[in-house]
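Hello,

As promised, here is the structure for you to look over. My notes follow below it.

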Amino acid sequence: MKKFRTLVLSILLSFAVATAAYAAPQVILDGQQLSFDVPPVIENGSTLVPLRVIFEALGADVQWDGNTQTVTATKSGNEIRLMIGGAAYKNGQEVQLSVPAKIIEGRTLVPLRFVSEAFGCQVAWDGTTQTITITSISGTGTIKVHFIDVGQADAIYISLPDHNDILIDAGNPSDGPTVINYLKNNGMDEDLELVIATHPHADHIGGLPPIYYAFNVIKTIDSGMYADTSMYENYLYLSQNEGKYWEVDNYQTFTFGSVVLQIMTGPGSWDNVNDYSVVCRLDTGDIEFLFMGDAGFPAESVLSGELDAEILKVGHHGSRTSTSAAFLSKVSPEVAVISVGTGNTYGHPTLETLQRLQNAGATVYRTDLNGNIVITTDGKTYNTAISKTSTADTPANNYKTQVTPAQTPATTGAYVGSIKSNKYHYPSCRYAKTILPKNQIWFADAAEAQAAGYVPCGGCKP
Ligand SMILES: [Zn+2]
Ligand SMILES: [Zn+2]
């Protein structure tokens with residue numbers, strides 16, 4: 001009977017493989033499967049994929065010239081040019097392609113291998129699973145920071161060379177298994193060198209207890225903030241169990257080879273639990289990451305030391321009371337990652353915060369729109385890969401088409417400012433009246449305005 005079942009199973013499997021040969025191939029970039037609005041096609045052994053998805057995933061800038069039917073993409077000093085149905089160029093040199101870029105069902109498809117290799121990626125093809133694996137950065141010094149999509153919660157996995165692994169939060173209780181699977185699928189060994197529990201809210205520590213069972217957690221750092229919940233008690237017990245190393249944040253420095261993780265926070269006293277969040281900065285060489293937990297204006301305003309970072313994990317899911325303009329001017333992020341759930345009841349991320357990020361020149365990625373967000377770096381340059389593409393043109397522009405009533409910014413308050421300046425006014429001020437509605441930003445009180453980096457108008461003296 002057993003044999004018979006095995007036979008049936010293997011017939012089913014071979015049938016599945018045979019069927020898969022006619023299905024669209026899968027494309028995996030830096031461990032993340034890309035999803036396409038129009039399926040990739042294979043022609044003469046070349047795979048063509050929708051232009052927008054692949055260039056967005058590779059982090060290239062794209063321009064389209066309708067007159068000459070030419071696509072130009074640039075990334076890290078390399079330029080490729082593709083003419084629909086015609087020639088291809090890399091940095092001005094013509095490259096022979098077996099299949100040119102073409103338009104199918106109104107979408108432009110480009111040859112995957114050519115564009116990936118032109119931008120320095122390695123491309124591997126597995127015929128049995130019909131999978132194309134693209135590696136954007138290779139080598140032993142590769143660092144990956146995974147912002148895992150756990151909905152309205154935080155879970156960040158930092159994978160460092162030599163199997164050094166760090167986990168910052170693990171989402172809600174129901175996210176524990178998701179996080180465990182994610183870590184296992186992304187090369188985690190059994191040792192988890194460092195867990196950072198930013199603060200005792202359920203959307204941050206809820207998923208941690210099963211992590212302590214699944215992996216050998218060597219050290220835990222938390223905020224020292226207590227919560228009167230069984231979830232917190234359970235987390236605390238497990239993090240200190242069996243002589244495990246547990247410490248409260250106190251400006252510690254952790255060195256893993258050439259990579260340094262600096263805890264930026266220490267003992268403090270705050271009104272809001274979120275402000276107790278352990279904040280840390282990962283220095284990989286030329287590329288830095290700043291992880292804010294749920295810290296709000298008060299906590300971010302007292303951070304000191306080097307705060308500049310190419311990549312900012314935005315505080316408190318993009319809440320309006322985090323990520324002030326003054327703070328952003330110290331960080332000057334190129335990329336801002338918001339961990340946030342679709343249709344959350346908090347209205348996160350708020351339009352004010354998205355506007356401040358846009359004003360600061362940051363490209364915004366969001367787990368609700370982009371799924372898992374993985375940033376890979378060798379310490380000199382970095383790539384951003386996403387597991388899901390939304391319908392908007394670029395991640396930075398996503399929110400413009402995604403605004404729901406819950407995200408409508410406040411249109412009243414004690415004071416008003418303009419996103420184009422750093423002054424705040426009484427609404428009756430003659431300057432205030434010249435601010436276009438789309439540029440208005442409202443503040444409940446002077447403290448909120450000042451925390452956001454605004455100063456009083458000299459005219460109305462609010
Ligand atoms: Zn939170
Ligand atoms: Zn919180």
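Which residue forms a salt bridge with Asp 37, the closest N and O atoms being 3.3 Å apart? The partner is Arg 52. Please keep in mind that this is a predicted model.

**Salt bridges**

Arg 107 counts as partly exposed at 35% relative accessibility. Together with Glu 56, the residues Asp 37, Arg 52 and Arg 107 are linked in a network of salt bridges.

The structure holds eleven salt bridges, including one in which the side chains of Lys 102 and Glu 43 meet at 2.9 Å, N to O. Lys 102 is partly exposed at 24%, as is Glu 43 at 27%.

**Zinc site**

The zinc ion (ligand 1) is coordinated by Asp 203 (OD), His 204 (NE2), Asp 294 (OD) and His 317 (NE2), at 2.0 to 2.2 Å. Along the chain, these donors follow the spacing D-H-x89-D-x22-H. Why is the arrangement of the four donor atoms irregular? It counts as irregular because the angles they subtend run from 84 to 149°, and a tetrahedral site would need all angles between 85 and 135 degrees.

Asp 294 bridges this ion and the zinc ion (ligand 2), and the two ions lie 3.6 Å apart. Of the histidines, His 204 is in helix α5 (residues 202-205) and His 317 is in the loop between β26 (311-313) and α9 (325-331), 113 residues apart. His 204 and His 317 are both buried.

**Cysteines**

The structure holds zero disulfides. For Cys 457, the nearest cysteine sulfur is that of Cys 460, 3.9 Å away; for Cys 460, it is that of Cys 429, at 3.7 Å. Cys 457 is buried, with a relative accessible area of 5%, and Cys 460 also counts as buried, at 19%.

Best wishes

Terms used:
Residues are numbered from 1 along each chain as its sequence is written. Chains are lettered from A and ligands numbered from 1 in the order in which they are written. This is a predicted model: local features need pLDDT of at least 70, side-chain atom pairs count only at pLDDT 80 or more; totals for chains, interfaces and linings use all residues. Side-chain values use heavy atoms; hydrogens and water are left out. Donors are N, O and S atoms within 2.8 Å of the metal (3.2 Å for Na, K and Ca); water is not among the atoms, so sites may look incomplete. Four donors count as tetrahedral if all angles lie between 85 and 135 degrees; four count as square planar and six as octahedral if opposite donors are over 155 degrees apart and all others between 65 and 115; anything else is irregular. Helices (H or I, at least four residues) and strands (E, at least two) are DSSP runs, numbered from the N terminus. Buried means under 20% relative accessible area, exposed over 50%, partly exposed in between (1.4 Å probe, protein chains only). A disulfide is a pair of cysteine sulfur atoms within 2.5 Å. A salt bridge is a side-chain nitrogen of Lys or Arg within 4 Å of a carboxyl oxygen of Asp or Glu.
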